[in-house]
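I opened this notebook to record what I looked up in the structure. The entries follow in the order in which I made them.

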Amino acid sequence: MEQKSIVLIGFMGVGKTTIGREVADKLNRNFIDIDSEIEKAFDIPTTEIFQTYGQETFRRKEKELIKKYTQQKQLVISVGGGAFLQEEVKQLCLSNCIVVFLDISWDTWKERIGFLTRTRPNLQGKSLGEIKELFNERQPIYKNHHVKVNTDHLNVDEAAYKVINELGAV
Ligand code: S3P
């Protein structure tokens with residue numbers, strides 16, 4: 001546990017980036033947000049990467065960067081909610097790192113929708129019903145993990161402490 005990097009997974013908007021940054025701070029580790037790294041590589045926001053190059057190109061870069069960072073020790077890494085759609089990404093994370101699934105109920109999640117659609121191409125143009133379907137469809141990809149933390153009713157600080165507590169029990 002002491003050396004391995006920690007990877008945070010979970011549906012879009014669960015708080016992987018904010019909670020991940022807090023966990024990294026509390027553990028004195030460096031934090032890597034894979035979505036930001038992808039945006040840096042293309043020098044444009046995710047929505048534009050999807051529009052200009054397509055989702056497949058985004059996924060290829062996502063895999064390349066996850067491969068790079070999961071080989072490093074003692075990081076806290078937040079990966080996008082669709083990263084585990086790629087089996088190879090899932091296996092890399094599970095074998096090299098400690099994978100923490102940040103769980104959230106649909107009822108809690110749906111209150112956040114207004115903040116998310118502008119920056120999440122996979123939510124754009126979808127009805128609430130379609131987004132709920134995507135939410136449910138995505139749950140199986142998060143099934144394999146080392147630790148699960150439910151974030152309903154927790155603020156960022158509480159969620160970060162809960163992750164760290166659970167990690168202590170790994
Ligand atoms: C995606 C999730 C996003 C980002 C991209 C695609 C997805 O990351 O990688 O918009 O398909 O679930 P977050 O989970 O950080 O929002």
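For the charge count, I took Lys and Arg as positive and Asp and Glu as negative, leaving out His and the chain ends. I placed each charge at NZ of Lys, CZ of Arg, CG of Asp or CD of Glu. On that basis I found 24 positive and 24 negative side chains in the chain, with the centres of the two sets 3 Å apart.

I noted the source next. The model is predicted, and local features need pLDDT of at least 70, side-chain atom pairs count only at pLDDT 80 or more, and totals for chains, interfaces and linings use all residues. Residues are numbered from 1 along each chain as its sequence is written, and side-chain values use heavy atoms, without hydrogens and water.

I then turned to the fold. The chain holds 9 helices and 5 strands, as DSSP runs numbered from the N terminus (helices H or I, at least four residues; strands E, at least two). From the N terminus I read their order as β-α-β-α-α-α-β-α-β-α-α-α-β-α. The C-alpha trace spans about 40 × 35 × 25 Å along its principal axes.

I looked up burial (under 20% relative accessible area, 1.4 Å probe, protein chains only). Buried residues form 47% of the 170 residues.

My last entry concerns glutamate 62, which lies in helix H4, residues 55-70. Glutamate 62 counts as buried because its relative accessibility is 0%. Leaving aside residues up to four places away in sequence, I found that glutamate 62 touches Ile34, Ile38, Gly80, Gly82, Ala83 and Gln86, a contact being heavy atoms within 4.5 Å.

Note on methods:
Buried means under 20% relative accessible area, exposed over 50%, partly exposed in between (1.4 Å probe, protein chains only).
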